[in-house]
Amino acid sequence: MSLNDNANQPSARNLPALLSDLNEQHRSCTVAVSGTPGGTIHVRDGLVVAMETPGTPGVEALLLKSGRLTEQAWTSVLASDRSHEHLARELVAAELIGAGELQIVSLGALFDAAFVLSLNRPTGWEVGDPLPVLNAGTGVTPERLVAETTRRFGMLAQEPGAIARSTRDRVHHTPAARQPRATTLLPPRHRHLLSEVDGRRTPRDIAFTLGRGLFAVLLDLRHLMGRQLVEYATPTAAERPSTAPRASTPSVKPPAPATTGLPRRQPHRTGRQTPALDSPEQRP
């Protein structure tokens, strides 16, 4: 029976409360979260085993972009398990990745997705039947998800709204970053990230390009900003859309025509004066 049935549908004031209800009931289901960016939460026996959102790379992107797996190897394993429910076991059995490493990558993707979903208030959610997902045995409790997300906000030392805005802003180099010795003392991870900053990419774009979690990218960008090597781009006046209220055409009467030249024909007076074109009566 579908979990959308009213008798089985849990009611909660927010997502953490919903996940706590599902945990108490040992439910197995999928929660489709709507909003910006929205996403999907996979629950097995009350534990969250995976989360997916377009706001940050998932397990597949992390494995492929980081070079841990080749596209060919990934496609081959997918063909052997189209349901994805046993995908983690197939990856380990084929010796493409160790079980411990896969769990670490999966857990990192899970926590990063929870962090991204917490940046904006969801517009709603729908609890449905469980859908197949790469499950590396990394199920966590709702309390642990909340604690980890809170820790990440504390490390960034910003309000969720400010972090959410920064993920959509473009990042570019400062003049200091162009100095020959500016990056000499940077660790390789920071130099690699700095090489992907081009003035057009947002932190989210950089995360997908590098195959890293969005939180890790934001944390490194914060470090680079502290060294005055990068900054978030502020739209120029030409690029920024005007937020000023639309103003009607000023009610300025045109100058009177010159009296020289041909005589003007005067309208016949009927007792009702025709309003001028810029008078209030004629304005839309």
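How much space lies in the second largest pocket? In this predicted model, the second largest pocket holds about 510 Å³ of space. Its lining comprises 21 residues, and those closest to the pocket centre are Leu15, Pro16, Leu117, Ser118 and Pro122. Helix α6 supplies the largest share, with six residues. Sorted by class, the lining of the second largest pocket consists of 14 nonpolar, five polar and two charged residues.

The chain as a whole contains ten helices and six strands. Of its 284 residues, 35% are buried. Among contacts in the chain with a separation of 6 or more, 69% are made by residues 24 or more positions apart.

Strand β1 takes part in two of the strand pairings described here. With strand β2 (residues 39-44), strand β1 (residues 29-34) runs antiparallel, and five bridges join the two. Within this pairing, Thr30 has His42 of β2 as its bridge partner. The hairpin formed by β1 and β2 has four residues between the strands, and in this hairpin Gly35 adopts a positive phi near 140 degrees. Strand β1 also pairs with strand β4 (residues 124-128), again in the antiparallel sense and over five bridges. In that pairing, the bridge partner of Val33 is Trp125 of β4.

Leu22 and Arg44 are separated by 22 residues in sequence, and their C-alpha atoms lie 9.3 Å apart in space. Arg44 falls within the residue range of strand β2 (residues 39-44).

Note on methods
Residues are numbered from 1 along each chain as its sequence is written. This is a predicted model: local features need pLDDT of at least 70, side-chain atom pairs count only at pLDDT 80 or more; totals for chains, interfaces and linings use all residues. Side-chain values use heavy atoms; hydrogens and water are left out. Two strands pair if DSSP finds at least two bridges between them. Buried means under 20% relative accessible area, exposed over 50%, partly exposed in between (1.4 Å probe, protein chains only). Contact means heavy atoms within 4.5 Å. On a 1 Å grid over the protein atoms alone, a cavity is a set of points where a 1.4 Å probe fits but cannot get out, and a pocket is an open set with protein on both sides within 12 Å along at least five of seven lines; lining residues have an atom within 4 Å of a point. Grid points are joined across faces, edges and corners, and a volume is the space filled by probe spheres set on the points. Ala, Val, Leu, Ile, Met, Phe, Trp, Tyr, Cys and Pro count as nonpolar, Asp, Glu, Lys and Arg as charged, and the others, Gly among them, as polar.
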